[in-house]
Amino acid sequence: MIVLCPGQGAQAVGMGQAWFNASAEARAVFEEADRLLGSRLGAPLTQLCFTGPAERLNQTDVAQPALFTCGIACWRGMTASLGLGQGEAPVAAAAGLSLGEYTALCVSGAMSFADGLELVTLRGRAMQDAALASPGGMLALIGADEAQAREVCAAALEGHASDVLVPANFNAPGQIVLSGHKVACDRAAEVASKMNLRATALQVAGAFHSPLMAPAAERLRAALASVRIAQPQCPVISNVTERPHPPFRSVAGGTFDADIRLKLEEQLTSPVRWAGSCAYMAETFKGVWHELAPGKTLAGLMRRIHKDTKVTAHDEP
């Protein structure tokens with residue numbers, strides 16, 4: 001099987017509740033998350049996932065641990081129902097959209113659920129803090145290719161050298177997201193209109209996957225250094241490179257596993273190359289494609305990336 005893990009934006013009130021009710025294995029994941037996080041989010045994570053309020057669930061510091069927990073709960077419940085709950089699931093490859101890369105790494109055995117939850121909780125908090133420190137936004141360009149997206153950025157930045165605006169998400173052919181200072185995003189929308197491209201401002205907290213996230217990347221680097229990362233048991237695709245994280249290299253005294261840590265840090269300030277990642281997997285790996293909960297966003301994107309590849313979404317059991 002090939003496993004896809006959703007990223008921020010897929011969250012919705014009620015997420016994971018069907019899995020919680022139907023599967024003891026999924027329920028155990030939510031209960032562990034509640035124990036590990038305690039009152040850090042202001043309310044139990046399970047409560048925020050199941051009943052909201054939506055305004056709080058959509059905030060970056062809650063959405064990220066919520067999505068990670070929901071994805072792993074779905075994975076544990078799904079594999080248990082298939083009789084593959086003891087780690088013997090035949091995963092050919094795994095990938096996750098931005099935050100979802102942590103879910104994919106956990107699925108691969110590269111990190112424990114507890115360590116992954118701590119990382120994504122810190123990541124969400126750090127990204128929210130960075131967004132508050134440097135007001136930014138994100139702008140979806142519909143119908144643009146990479147060259148056109150970079151042309152829009154260059155035109156919007158002309159005469160404004162201190163502003164930041166970069167392509168941040170290559171989600172699917174014709175769907176590219178720009179990220180940067182809010183004023184630069186506003187100018188980019190005007191430029192796109194003149195180029196006959198449709199531009200839509202996204203309702204996000206800040207300029208994710210842009211240089212404005214550098215303070216968050218620095219905080220994440222320190223947290224990653226203290227977490228044990230094992231050799232993934234299946235290829236896990238990096239958002240930064242569109243290719244699997246390389247095998248660990250043997251060095252004096254142990255193994256060298258820095259690539260995963262470095263790429264997770266880089267991911268915060270680099271574009272998410274999802275379309276290329278999925279195209280690479282479709283041409284390289286064989287198996288049935290599964291999208292973990294919540295939602296069906298990645299299945300929809302795959303129809304535009306590689307129309308012959310069918311993805312089964314598991315928003316509910």
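Hi everyone, let me start with α5 and α6 (100-107), which each supply at least two residues of the lining of the second largest pocket. Helices here are DSSP runs of H or I with at least four residues, strands are runs of E with at least two, and both are numbered from the N terminus.

A quick word on the model: it is predicted, so local features need pLDDT of at least 70 and side-chain atom pairs pLDDT 80 or more, while totals for chains, interfaces and linings use all residues. Residues are numbered from 1 along each chain as its sequence is written, and side-chain values use heavy atoms, without hydrogens and water.

Back to that second pocket: it holds about 300 Å³ of space. Trp75, Gly87, Cys106, Val107 and Gly109 are the closest to its centre, out of 19 lining residues. A pocket, on a 1 Å grid over the protein atoms alone, is an open set of points where a 1.4 Å probe fits, with protein on both sides within 12 Å along at least five of seven lines; lining residues have an atom within 4 Å of a point. Volume is the space filled by probe spheres set on the points, which are joined across faces, edges and corners. The largest share of this lining, four residues, comes from α5.

Now the largest pocket, with a volume of about 650 Å³. Its lining has 29 residues, and Gln8, Gly9, Asn169, Leu202 and Val204 lie nearest the centre. Which element gives the most to this lining? That is α13, with three residues. Elements supplying at least two residues include α5 (60-81), β4 (165-172) and α13 (297-305).
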